[in-house]
Amino acid sequence: MRVLVTGGAGFIGSHIVAALTAAGHEPVVYDALLPAAHPREPEIPDAEFVRGDVRDAAALEAALRGVGAVCHQAAMVGLGSGFGDAPDYVSCNDHGTAVLLAAMARQGVSRLVQAGSMVVYGEGRYVCPVHGVVRPGPREVADLDAGRFEPRCPLCGAEMAPGLVTEDAPADPRNVYATTKLAQEHLAAAWARATGGRAVSLRYHNVYGPGMPRDTPYAGVASFFRSALERGEAPRVFEDGGQRRDFVHVRDVATANLAALDAVGDRPEGRHTAYNAGSGHPHTVGEMATALATAFGGPMPVVTGEYRLGDVRHITADSARLRRDLGWKPSVEFGDGVVEFAHAPLRS
Ligand SMILES: NC(=O)c1ccc[n+]([C@@H]2O[C@H](COP(=O)([O-])OP(=O)(O)OC[C@H]3O[C@@H](n4cnc5c(N)ncnc54)[C@H](O)[C@@H]3O)[C@@H](O)[C@H]2O)c1
Ligand SMILES: [Zn+2]
């Protein structure tokens with residue numbers, strides 16, 4: 001199948017393109033090579049390439065000819081450098097998705113797989129010993145300043161145990177990026193209903209692996225650590241390092257996209273379905289830093305107690321639905337993936 005991969009020159013997109021080619025599909029990379037994502041000379045994946053912006057309807061329509069499905073990865077990612085970035089996030093991610101979906105409708109392309117994110121869940125799922133499952137609000141600055149990083153039960157203030165988030169958990173985006181990722185899903189659902197399209201969103205958890213961008217305000221935590229090590233500096237671990245995340249390897253995310261592209265044509269018309277895409281094995285941010293520093297040969301991480309306001313404490317996925325419905329399963333173990341990542345090139 002001919003598959004248009006928006007953002008196909010990016011970290012995850014380029015792995016999807018490689019996996020599509022290996023599986024005998026025909027990927028077409030559609031990417032604007034945004035300077036925020038590609039500050040230096042970008043590497044173009046080895047595939048048909050269109051330099052274009054997802055907000056450019058005419059360029060998209062030309063690129064969509066003969067395409068059987070779209071794999072939509074293009075987005076501005078990360079926390080950014082402040083609220084001043086908000087118009088750019090909304091423009092790229094939401095206006096861009098709307099232009100893409102309208103162009104697909106005009107060209108009769110009815111299958112969409114798009115990159116979602118676990119950030120739509122906000123603070124995740126917690127169990128209070130007294131009140132059961134509760135949803136804590138954003139953490140207070142005073143608590144964070146005092147080094148009280150664990151969210152407490154909103155009803156009784158008790159300490160809680162973090163649990164696995166399932167797809168039916170209510171959405172609760174906590175920053176601009178998260179808000180745009182949630183809106184992308186709502187747009188896909190509205191498009192599917194209005195046009196009889198079929199859409200799948202894969203809510204990636206913390207993706208890491210070869211080709212991850214170097215540290216910028218737009219990068220993920222594993223890349224901050226890896227970049228520090230390359231400079232000969234100790235990785236700086238925020239809070240107390242106990243933040244739990246599901247680190248999923250980029251090649252596993254690529255195979256999840258392939259599984260979704262294979263399955264999306266069989267989904268009911270007019271339907272959008274979201275799936276968590278995580279490894280199923282949570283680790284703390286501190287564990288990631290230590291494992292990476294050990295594999296790299298030091299220096300070992302320092303825990304700084306700093307924090308970023310938009311960050312959540314724990315967010316870990318239950319990806320059973322993706323395994324069950326699409327027959328996907330991750331194949332890269334955390335230990336192996338981290339050793340490879342410690343020595344693999346980053347994207348400059
Ligand atoms: N990396 C993660 O841990 C992670 C986690 C959850 C979700 N995601 C999602 O996965 C997708 C890919 O992220 P990534 O980590 O590979 O980021 P990336 O920055 O490496 O890749 C994104 C690509 O999209 C392109 N792009 C951005 N805006 C565009 C536009 N308006 N028109 C055309 N191209 C545009 C950029 O040039 C870049 O090549 C994004 O949708 C992101 O929200 C990533
Ligand atoms: Zn309680």
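## Zinc site

Along the chain, the donors of the zinc ion (ligand 2) follow the spacing C-x2-H-x21-C-x2-C. They are Cys 128 (SG), His 131 (ND1), Cys 153 (SG) and Cys 156 (SG), lying 2.1 to 2.3 Å from the ion. Donors are N, O and S atoms within 2.8 Å of the metal (3.2 Å for Na, K and Ca); water is not among the atoms, so sites may look incomplete. The four donor atoms subtend angles of 105 to 113°, so the arrangement is tetrahedral (four donors, all angles between 85 and 135 degrees).

Cys 128 is buried, at 2% relative accessible area, whereas Cys 156 is partly exposed, at 38%. Buried means under 20%, exposed over 50%, partly exposed in between (1.4 Å probe, protein chains only).

## Basis of the model

This is a predicted model: local features need pLDDT of at least 70, side-chain atom pairs count only at pLDDT 80 or more, and totals for chains, interfaces and linings use all residues. Residues are numbered from 1 along each chain as its sequence is written, chains are lettered from A and ligands numbered from 1 in the order written, and side-chain values use heavy atoms, with hydrogens and water left out.

## Ligand 1

The shell around ligand 1 holds 29 residues (a heavy atom within 4 Å). Phe 11, Ile 12, Asp 31, His 38 and Tyr 177 are the closest.

Polar contacts are pairs of N or O atoms within 3.5 Å. The Asp 31 side chain places an N or O atom 2.6 Å from a ligand oxygen. A backbone N or O atom of Ala 32 is 3.1 Å from a ligand nitrogen.

Notes: A polar contact is a pair of N or O atoms within 3.5 Å; within protein, one must be able to donate a hydrogen and the other to accept it, and residues adjacent in sequence count only if both atoms are side-chain atoms. Four donors count as tetrahedral if all angles lie between 85 and 135 degrees; four count as square planar and six as octahedral if opposite donors are over 155 degrees apart and all others between 65 and 115; anything else is irregular.
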